[in-house]
Amino acid sequence: MNLFDLLLGAPLITSVIMAFMGHTRSATSVNIAASAIALITALSLAYRVLQLGSFTAHGQLFFLDAYNVFLLSLTAFVATTTAIFSGPYMLHEQQIGRVTANRLRLYHSMFQLFVFGMYLVLTTNNLGVMWIALELATLATVLLVSLYRTPAAIAAAWKYFIICGVGIALALFGTILIFATSSDVLGHGNDALTWTLLYDNAGQLAPRVMTIAFVFLIVGYGTKVGLVPMHTWLPDAHGEGPTPISAVLSGLLLNIALYALVRCKTLVDGATQGDLAGNLMMGFGMLSVLVAALSLHRQRDVKRMFSFSSIEHMGLMTFAFGIGTPLANFAGLLHMTAHSLVKSGIFFTVGHAAQAMGTQQMINIRGLVSHHPGIGWGLLIGTVAIAGFPPFGVFTSEFLLFTAALHTHPWVVVPLLLGLVVAFAGLFRHVQPMAFGVVPDNAASIKINMLPVYVHLGLALILGLALPPFLADWYQTAAYLLHGTAR
Amino acid sequence: MQVTLLQQWVGVAAAMMLLVVFALLAQRHMHALLRWFALQGIVLALTSALVANVADVPELYISAILALILKGVLLPWMLWRIVINLGMHREVEPLVNVSVTLLIGAALVLFSFYVSLPIEKLSQLVTRNTIAIALACVLLSMLMMITRRKAITQVVGFLAMENALFFTATSTTYGMPLLVEIGVAFDVLIAALVFGLFFFQIRKTFDSLNLEDLEDRQ
Amino acid sequence: MSLWIWNLIEALLIIGMAPFTATLVKRLKARLQNRRGPPLLQGYRNLAKLFIKQPVLASQASWLFRAAPYVIFAATSLAAAIMPVILVATPLTSAADIIALVALLALARFFTALGAMDVGTAFGGMGASREMTFAALTEPALLMSIFVLSMVAHSTNMTAMIDIVLNTGLGLRPSLAFALAALGLVTIAETGRIPVDNPATHLELTMVHEAMILEYSGRYLALIEWANQIKLLLFATLILNLFFPWGMAGSPDPLYMVIAAVAWFGKLLVLFVLLALFETWMAKMRIFRVPEYLGLAFLLAILGMLTHYILEVGV
Amino acid sequence: MFWALSAPSLALAAFVSGISLFGSHDIQRRVVCLLLVLSGMSAVIAGLAGLLASPITATLPIGLPWLPMHIRLDGLAGFFLLVIGLLVSAVSLYSMGYMRQLAARFNVTTLYVFMPLFVTGMLGVVIADDAYSFMIFWELMSVASYFLVTLDHEQDANRKAGFLYLLMAHLGGLLILGSFAVLYATSGSFEFDVMHNAVLTPTWASLSFILALCGFGMKAGLIPFHAWLPEAHPVAPSNASALMSGIMIKVAIFGFLRVVWDLVGLEHAAWWWGGLVLTAGSSSAVGGVLLALQQHDLKRLLAYHSVENIGIIAIGLGLGMIFAYYDYPTLAALGLVAALYHTLNHALFKGLLFMGAGAVLHSAHSRNMEQLGGLIQRMPRTAVLFLIGCISISALPPFNGFVSEWLTFQAALMAPQLKGTILAALIPFSAAMLALAGALAAACFVKVFGIVFQGSPRSQGAAEAHEVDGWMQLGMAIPAVLCLLLGVLPVWMIPLIDAVPDILVNATLGESVANSGWLWLTPIAEARASYSPIIVLLALLLAGGVFLFIQYRGAVKRRTAPWNCGYSYPNTRMQYTATSFSQPLRRIFANLYQTQDKLLRTEHGNTLLTKKIHYQVHVQDLIWRYFYLPIRQTIEWLTRQVDWLHEQQIHGYLTFTFITLLILLGMLL
């Protein structure tokens, strides 16, 4: 019973069980238990990588190296905290009648299926299987986004489904092109799609074809990452879906899509030996930061606003991986971790705030600090963390990103700086009235569970102040791996 | 290299695929659209069988049969039943009138030919010259999704795009590894199920399948 | 040690002569309006009278109202002591240079204004507001005009400044001419003479300095009046010694001192005749014309400095 | 180095106790204030150690694995530690009394949590020795002070001020990050000593200088970027605004010195660097004081004065940079010492004035000067301390303000040495601006003291004012005494400051100050200029004392009503108010202000007689209209354009993807 089977089996089996199990209080505990099992296996796998370095299993089908091991443990950890958070949250949603019992059953099974999809993407070594797993995860989230069955939720789910469907289809076209060139070199079987083999002899792949494949891949996976102009599905999906889903979607799924894109980028870099792929990613990254920063100002729904903040941060990460130097990659990886921790924490807080104030429209969310100090201060500190103020990890990665960018493309830093300031202005302009001010009279007092938020912010603080050495070591090896040179 | 009779047949099949996609673009009636979609599935199965024979790759036969069952019969039938019991009125209202769409389609074919020129020069496969057509089919089905007003026609466009991708797989690489092939087919099936689920939802809440009504809820 | 004693004597000389010179100016002005004018010792009699009279205080006047006159008198008399009158090299000039002199006068003005505000009447507020506004415009002009000379002398120490003019024949220097004109205008504004403020009037609308000391009486009023007279004499001596220092005693032996004293008094007489002529010739300006007048002084000072740079720095 | 580390750690201990003891306010107050006082004391000792001993560096294990946190205690850090330590101890003693009454109205736990964090941030910035930890402490300082500004977040105006404050702080932080990044790009490392010896090309050096000047200028409040300062400081509680106005803007000056003078190094300087700082300084000085004159909110007036004093410090720095460029090291040292001396002075008297304003607010319950008055009878000791603050800030002789202004004038008068360069002409003009600013400051503080403390009370609150408790008076007494000592004994203080120019321009004033005895202050040469504060003070006391003694036995004083041209007894409405006091200056400098005045007149039946009349004037900063609003409008316009992107339907979104794909494929042809 190898660890990979346990890691993938647990969520798959639970999702099937949950589909048939009647909705009882035990459902949430089963959900948490399954996520906990997955977390433990992920951590033990991580421990094994710490010992042996990167290793493959099941005959090159599964694969763990410095790049995806921390993402795996991060995904497992955030999935568990989301499961813990979603327990009381969904019960409260059921009490106020927004969700019926069997829809909760759908919610739990789809949640586990979604988590299974993400684990599969991270652990697989085969580009084709990676594509399938990503498609599976998208399908699961579509049903989750349309959970409330309100007209807006269905429209959002439909838009999400069509745009991401088209995007992922283009990515499939790119994968097929990669398979076309690699089958000349590695033969017609599964080996031609195995990433490790492809990475080792990327030199022999045809550069022209790889660039065209990368164009399809960046447009395809870029839609899933939420890069501008393919980002339009993201705000609606976040705004209408239940909060735990927005947290996981924003925190993890975007990271997974970017992980897949960067995997392909390393292959293309190996093949073309040029920096076309990097420049493309930098272009998209910069565009996303600027457009997202500007669109933060005129939002009315709190979750839509934070989804634009996610687009901005994904833009920053794509920009970092676009630069490609080891320092920039290090900054990108650190930003991935810090962003998903802080953003999911913020979404938990926003979920509580929306429940307390009964609405997601920011105009009638006021006085959180005096109404519920836990939520108010959580939101304030979370926003300060996501805006890139120092004690937290997001600042460290932005700091490293600036210095890396200044090395290679000095004049690009100016628009980036302006984008960050405009984004901060847009974000804080909405958050400050929500946190401070006089408490509105219709504010309900709800049972809040802010432990996951403070755990996430604490971890982000540790990332900022005292980065653990083993994590830094992983980032370092992954950075050099992505740069294409041995460390 | 002397082009054998069968290879010529593969070329003909590719031409047929392109013709079908153009026909899908030009349809006005829902029923005709579904019939052409089923035809596309059958042609797809035929081409993969032919390529299997020409390049003597045995698994391709399995995926050919799979394609025939799934894309030739099952999906069109499902869509047909949905159209019947939702009582959709007949015609397909395109956003942009048909002749302009066809013109854009032709331009796209020319464009995809230029784009895929380098791929053809490099690939040693016998079916290399069909890559351009495969790319054209993908772009055309995307165009179809953009220029249609109804949710159903958008789904047909999406599935046509999946067919085009299947066709690309067979033409550029003699079919993806079996594991991947099955996975992709499985995903398309789930996607179709979810579409069906959605149609009932949209019908119930919006009582019309026009995409405009979806929007004004914002 | 003897220099310190001479310095003390000089200081007492200025402080003693102040009331006499003030009445001298009044007498000269009266003569020009063919009136007899007050007897020359009238100044001393007024002060003596005020020192004996019983001071009347406003009900809500605080300790600051009573302390202000002493600070004003101390600051002005120290400023006068700094100024070398007869001897060129008095020791106190090294203790405080020209900037300190201006700052001491500013301290005196600060406390006069505070004294005025203390009683909380309209007159005190109006006087303080106008005085501080005009002071804010005169001080930069005053400093700039002195800086021109200190740049020529490469030092702000008054003895050095006088040495430069006395020993190294400076010849024709337009910058010094501008500085002198600026200092003249500033003196009239600073001591509250006719075009800026009428020292003799109690008319609410026009008085600036008088309004501030309206509430004072008895010995407090005496101290403030005396300080004002010292200030007039101080500015007169400042103009004379800095720009026309001829005749000042280089060393403290009695012959040179007598000549210096006579020269000093003669120059003073000429200056006060000019002042009296100017005052009878000019009428008092409207309050809000004074900023243009002071703007002119400031412009002259800056011109002096620029010409010093452009023409004379090379020398 | 032990003391340098103990200062921030004690402040952190205060932060921890602030969080943990939120139970009872009293214990929390005593513990936090006590720990802060101890932290201030150890900072003072560390400062003195830094100034006297040779520089020490150390590294702490926290931070990035390959970049542990470096700490350095040299002359520059020592001096600023001294400044921070002095004022933190004074303000903490003051807060012992001030917080007691504040607890009634606000949730004071946030204050106990974020005040120590704020102090830790500042202490950390001063001893940081690598770009990364500098930035961490810098932004920690900004965020902590943001939460202090928005303590009373019920009113909308406070939230707006807080938002503007944090936005400008963030923008400033990013600019400073840019300047560090430039230094990193050329030197390849974050540590300051590696950056220090890196050789910069003129363009990179100038870019780093511009970024540093804008970044630190934004935090210090130089003229184009100062708009947040008068909004944020008055809104914070008085002890917090004393710390912010007293020290935080000085930490910005420290940052400027550390980056431009130390890291970039003045040998890479271009000729226009000094000129730019000089013009910024003189415009800030005059602009700040002109705007301060028109305020009738006491704390807002003091905040504008911080802008003025930062301008004066910048003039000193500008002069130093010009002389350093034309390599006159001793004159550069004179300019720097003048600026540093004024930094210390300003920290003391601005802290004293803000604490005084806090005492007035605490007992008279109003910051609006139109409702105060007559407090000298009701709060005698606070009045005396406030008077000392007013005299010092107006740069009048016996007190410290005059010494630093005198030194700056001496530095300005050295301009002829520059032999006819354009700057040589610019310097006297800035000296004139400095003189104008000094005189206007004196006018402004006559208005403040006269309206707030003298005359008769204009409102019920002012009438019932009562003297503040012992702690607050002690907190104010320390800086007052220091103001007098610094005013009278500069000869001892300047050799102490000499360690700083020794590092930055390796020249000192020490020997020329020392060789003429402790009595005389002769910065450059004996013949050049000298000032002996002790003799001036003694002479003043002597002259005043003689007449006081003669008069003492004089006639008994009589008290009657003040003269009012014979009409009725003068009531409080006849007094001059803050608006009327500054009316002449408002008329003279009319085109520098953006005035909106409001006249409410209620008739008495027929239109001829007026029953009641109310006149109010509000002066707005020109910078708002010409610098901040245009930026805001462009951003608003851009957001409207971008919003079009999200108002499409599903077809639109698909077209976006389709067109991007086609464009990218087209690029590859």
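## How the chains of this predicted model meet

In this predicted model, 50 residues of chain A are in contact with 44 residues of chain D, where contact means that the C-beta atoms of two residues, placed from the backbone, lie within 7 Å. Among the four pairs of chains that touch, chains C and D have the most contacts between them. A word on conventions: residues are numbered from 1 along each chain as its sequence is written, while chains are lettered from A and ligands numbered from 1 in the order in which they are written. Because the model is predicted, local features need pLDDT of at least 70 and side-chain atom pairs count only at pLDDT 80 or more, whereas totals for chains, interfaces and linings use all residues.

**Chain A against chain D**

- On the side of chain A that touches chain D, the helices supplying at least two residues each include H6 (151-186), H8 (207-225) and H17 (413-435); helices (H or I, at least four residues) and strands (E, at least two) are DSSP runs, numbered from the N terminus.
- H17(A) gives the most to this side, with 11 residues.
- By class, this side of chain A has 36 nonpolar, 11 polar and three charged residues. Here Ala, Val, Leu, Ile, Met, Phe, Trp, Tyr, Cys and Pro count as nonpolar, Asp, Glu, Lys and Arg as charged, and the others, Gly among them, as polar.

**Chain D against chain C**

- Between these two chains, 68 residues of chain D are in contact with 68 residues of chain C.
- Elements of chain D that each supply at least two residues to this side include helix H16 (400-413), helix H17 (422-453), helix H23 (533-552) and strand S3 (558-560).
- The largest share of this side, 14 residues, comes from H17(D).
- The side of chain D that touches chain C has 45 nonpolar, 17 polar and six charged residues.
- Strand S1 (residues 56-58) of chain C runs parallel to S3(D), and three bridges join them; strands pair if DSSP finds at least two bridges between them.
- Within S3(D), D:Arg558 is the bridge partner of C:Val56.

**Chain B on its own**

- Chain B holds nine helices and zero strands.
- Of its 218 residues, 48% are buried, meaning that 20 or more other C-beta atoms lie within 10 Å of the residue's own, with C-beta atoms placed from the backbone.
- Among contacts in chain B with a separation of 6 or more, 75% are between residues 24 or more positions apart.

- Chain A and chain C do not touch, and their nearest C-alpha atoms are 41 Å apart.
- No contact joins chain B and chain C either; their closest C-alpha atoms lie 62 Å apart.

Conventions: Buried ≥ 20, exposed ≤ 12 C-beta atoms within 10 Å, placed from the backbone.
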